[in-house]
Amino acid sequence: MDPKLKRLNFKTLILSTSDFLMPRVCLCCGRQLLPGERHLCCVCLADMPFTHYEGQVHNPMANMFNSRVSSTGYERAAALFFYTGGYRKITQALKYGRNFRAGRWFASLLGEKLAGAGWEVDVVCPVPLHWVRRFRRGYNQAEVIGREVARALGVPFEPRLLQRARRTASQTRLSAEERGRNLSGAFRVRKGSTDVKSVLIIDDVFTTGATVAACDAALREAFGPEIRVSVATLAFAE
Ligand SMILES: [Zn+2]
C-alpha cells in the first residue's frame with residue numbers, strides 16, 4: 001500500500017475513534033463532524049457568509065473605519081465573515097471557550113485571503129488587552145489571530161507594539177458614541193518601538209470601529225500622520 005494512503009487511513013482511524021469517544025461538533029450548528037470535516041460541517045462551511053472585503057478597497061467596514069480616523073488617504077479594512085447566526089460562535093469559541101485550534105484555523109484562512117488580495121504591511125499588531133484582563137483570561141484572542149495573519153503575510157508580528165494605557169469599561173453595552181469616549185486615549189505605542197510605515201491592526205470582531213480607531217490614533221501620535229493603518233478581523237458585525 002502507498003505509505004501516504006496508509007498514513008491517511010491511520011489518521012482517519014484515529015479521528016473516527018476519537019470522534020466516537022469524544023464527538024467533535026460543528027461550531028456553527030452543533031451537528032457531529034465527519035472525520036474529514038474540521039470545525040464546521042460541510043453544510044455550514046459551504047454557507048459561510050464570507051465578506052470578500054479583502055479584495056474590495058471600498059467596503060462598508062472600511063467606510064466605518066475611515067470615518068473614525070484622521071488619515072490623509074483611504075485605509076483598508078476587511079473581515080473574513082459576517083458576524084451572523086451560528087457563525088458568531090466561531091469568535092465566541094476563541095474568546096470565551098479557549099478553542100485555539102479553531103481560532104488559528106480561521107485566522108490562517110483570513111491571512112491567506114489578505115495575502116491573496118495583495119495586502120502589504122510592515123508589521124501585524126493585535127489590539128492589546130489590559131494586562132489585568134489578559135492575566136485573568138490567560139490570553140488575548142486578537143493575539144492568537146494576529147500571529148497566524150502575520151505568518152500568512154510573511155511579516156513580523158508585534159504583539160507589544162501597542163499597550164493599553166488604562167483600563168476601560170466593557171464595550172458590550174455601550175452605544176457607538178459612548179464607545180468612542182470610553183476608548184479615547186486608551187492605547188499608546190510602547191516606548192522605544194522602531195519606526196514603521198504601515199501597520200495592520202488585528203481584532204476578533206469589528207463592531208463600531210471605536211477600538212481600532214483608538215489604536216489608530218495612538219499609532220499616528222507616535223509615528224506621525226503619514227503612517228498607513230489597516231484593519232483585519234475575523235468577523236464584521238453589521
Ligand atoms: Zn454545521
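Trainee: Let us begin with His52. Is His52 buried or partly exposed?
Mentor: His52 is partly exposed, with 13 other C-beta atoms within 10 Å. Please keep in mind that this is a predicted model.

Trainee: Where is the place of His52?
Mentor: His52 sits in the loop that lies between helix 2 and helix 3 (60–68). Its phi is near 60°, which is a positive value in a residue other than glycine.

Trainee: Where does Pro35 lie?
Mentor: Pro35 is in the loop between helix 1 (3–21) and helix 2 (42–46). Pro35 is partly exposed, with 15 other C-beta atoms within 10 Å.

Trainee: What separation do the C-alpha atoms of Pro35 and Gly192 have?
Mentor: They are separated by 49 Å, and the two residues are 157 residues apart along the chain.

Trainee: Let me turn to the whole chain. How many helices and strands does the protein have?
Mentor: The protein has nine helices and six strands. Its radius of gyration is 19 Å, close to the 18 Å that the globule rule gives for 238 residues, so the protein is as compact as a globular protein of that length.

Trainee: What does the C-alpha trace span along its principal axes?
Mentor: The span is about 60 × 35 × 35 Å. As for burial, 37% of the 238 residues count as buried.

Trainee: And the contacts along the sequence?
Mentor: Take the contacts between residues at least 6 apart in sequence: 73% of them join residues at least 24 apart.

Trainee: Which domains does the assignment give?
Mentor: The assignment gives domain 1 (1–47) and domain 2 (48–236). Eight residues from domain 1 and eight residues from domain 2 take part in the contact. On the side of domain 1 that touches domain 2, five residues are nonpolar, one is polar and two are charged.

Trainee: How far apart are the centres of the domains?
Mentor: Taken over C-alpha atoms, the centres of domain 1 and domain 2 are 31 Å apart.

Trainee: Now the strands. How many residues of strand 6 are buried?
Mentor: Strand 6 (residues 228–236) has eight of its nine residues buried, and is thus mostly covered.

Trainee: What joins strand 1 to strand 6?
Mentor: Strand 1 (residues 77–82) runs parallel to strand 6, and five bridges join them. Phe82 has Phe236 as its bridge partner in strand 6, while Phe81 has Ala235. Five of the six residues of strand 1 are buried, so strand 1 is largely enclosed by the rest of the structure.

Trainee: How many bridges join strand 5 to strand 6?
Mentor: Eight bridges join strand 5 (residues 198–206) to strand 6, and these two strands also run parallel. Asp203 stands opposite Thr233 in strand 6.

Technical notes: Residues are numbered from 1 along each chain as its sequence is written. This is a predicted model: local features need pLDDT of at least 70, side-chain atom pairs count only at pLDDT 80 or more; totals for chains, interfaces and linings use all residues. Helices (H or I, at least four residues) and strands (E, at least two) are DSSP runs, numbered from the N terminus. The radius of gyration is taken over C-alpha atoms; the globule rule is 2.2 Å times the number of residues to the power 0.38. A residue is buried if 20 or more other C-beta atoms lie within 10 Å of its own, exposed if 12 or fewer, and partly exposed in between; C-beta atoms are placed from the backbone. Two residues are in contact if their C-beta atoms, placed from the backbone, lie within 7 Å. Domain bounds come from an automatic or database domain assignment. Ala, Val, Leu, Ile, Met, Phe, Trp, Tyr, Cys and Pro count as nonpolar, Asp, Glu, Lys and Arg as charged, and the others, Gly among them, as polar. Two strands pair if DSSP finds at least two bridges between them.
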